[in-house]
Amino acid sequence: MPQEVRGVIAKSKGAPVTVETIIVPDPGPSEAVVAIQACGVCHTDLHYREGGINNEFPFLLGHEAAGLVETVGEGVTDIKPGDFVILNWRAVCGTCRSCMKGKPQYCFDTHNATQKMTLTDGTELSPALGIGAFCDKTLVAAGQCTKVDPAAKPEVAGLLGCGVMAGLGAAMNTGQVSRGDSVAVFGCGGVGDAALEGARLAGAGTIIAVDIDDQKLEWAKGFGATHTINSADEDPVEKIREYTGGNGADVTIEAVGRPETYEQAFYARDLAGTVVLVGVPNPDMKIELPFIELFGRGGALKSSWYGDCLPSRDFPMLINLYLQGRLNLEGFVSETIEIDAVEDAFHKMEQGEVLRSVVMM
């Protein structure tokens with residue numbers, strides 16, 4: 001029967017979030033109810049609260065989560081009650097034109113739960129990224145549950161559900177960083193640091209972190225940065241060339257989502273190098289580059305959406321690397337908090353005081 005649980009709700013644009021009682025229905029066909037153990041406070045949740053995604057208020061926030069499958073609906077065979085899972089927002093459909101081309105990591109029609117969770121008065125909730133995990137239990141499409149080794153701590157495993165996967169994948173999947181490459185990452189928040197970690201895992205030789213905050217640059221060293229640049233004090237393009245024999249980096253990754261940093265990333269790459277945009281720009285932002293530079297510099301300009309990941313392939317592999325001590329997921333967790341501290345966590349995130357606050361349920 002339907003259950004009443006606590007959930008973090010954004011009721012209107014810019015208003016502080018509140019913890020409300022929500023109704024979680026029994027899972028229908030191809031759905032699952034997951035008991036959430038931990039959920040990271042991601043900048044995307046703040047975008048939802050600020051109306052930066054859409055205006056389908058009220059939102060049930062939270063999406064970067066791990067937990068235990070409680071019940072499954074008819075036709076669900078890939079997961080069962082008791083499985084430890086990371087929730088994902090790329091539940092591939094298997095039938096869209098991208099999936100049919102053998103590129104499910106770009107699936108254009110990912111699955112969400114058909115039923116709606118509601119407030120106690122019947123108001124339907126819009127779950128963040130189709131998940132809604134700042135709650136004791138949530139209803140999702142079964143394909144949004146990726147089973148991983150239960151030896152992993154929930155507070156670190158859940159981070160692969162969004163920001164950390166976005167950064168790791170920007171380097172490893174989209175940028176295709178390989179052994180000996182030089183890599184420069186612009187912006188050393190959670191996603192940027194994950195890109196540094198991804199470059200390290202891929203075997204990059206020179207890994208350059210760029211930011212305007214000395215504390216963030218110090219944190220970046222813990223994720224593989226061999227060089228750091230405070231771009232408030234130095235020209236990052238010239239310094240990157242200095243650190244790469246005058247050539248520029250093989251791969252540059254922009255994890256800020258601003259035109260000025262993207263332009264720096266564009267000019268800081270070597271000829272025929274790759275620029276990866278993983279930072280999310282605002283809809284009104286524009287960039288202008290000399291057309292001849294697009295032709296003359298060659299290489300590739302790529303955007304990375306969710307790190308071009310395939311959860312069923314990437315999540316178990318990355319959890320195994322974490323359990324082997326080769327992937328520093330622990331370093332991303334700045335603090336663990338209670339469910340009623342999400343609003344405070346947003347403020348800490350805006351001030352750059354944390355990489356990730358993680359709600360423990």
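Predicted model: local features only at pLDDT ≥ 70, side-chain atom pairs only at ≥ 80, totals over all residues.

Guide: Residues are numbered from 1 along each chain as its sequence is written, and side-chain values use heavy atoms, with hydrogens and water left out.

Visitor: At what angle do the axes of α4 and α5 cross?

Guide: Helices (H or I, at least four residues) and strands (E, at least two) are DSSP runs numbered from the N terminus. Axes are lines fitted to C-alpha atoms, for helices over the stretch in contact, and angles run from 0 to 180 degrees between N-to-C directions. Here the axes of α4 (residues 163-174) and α5 (residues 190-201) cross at roughly 45° and come within 7 Å. Angles under 35 degrees count as roughly parallel, over 145 as roughly antiparallel, 65 to 115 as roughly perpendicular and the rest as oblique. The pair α4 and α5 is therefore oblique.

Visitor: Which residues of α4 and α5 meet?

Guide: Contact means heavy atoms within 4.5 Å. Among the residues of α4 that meet α5 are Gly163, Ala166 and Ala171, and the α5 side includes Ala194, Gly198 and Leu201. By class, this contact of α4 with α5 has ten nonpolar, three polar and one charged residues; Ala, Val, Leu, Ile, Met, Phe, Trp, Tyr, Cys and Pro count as nonpolar, Asp, Glu, Lys and Arg as charged, and the others, Gly among them, as polar.

Visitor: How do α4 and α10 lie to each other, oblique or perpendicular?

Guide: Their axes come within 12 Å and cross at roughly 100°, and α4 and α10 are therefore roughly perpendicular. Met165, Leu168 and Asn173 in α4 meet Arg313, Asp314, Phe315 and Leu318 in α10. That contact of α4 with α10 comprises four nonpolar, one polar and two charged residues.

Visitor: Where is the cis peptide bond?

Guide: A cis peptide bond joins Phe57 and Pro58, with omega about -5°. Pro58 is placed in the loop between α1 (43-49) and β4 (59-60).

Visitor: What is phi of Gln176?

Guide: Phi of Gln176 is near 50°, a positive value in a residue other than glycine. Gln176 belongs to the loop between α4 and β11 (182-186).
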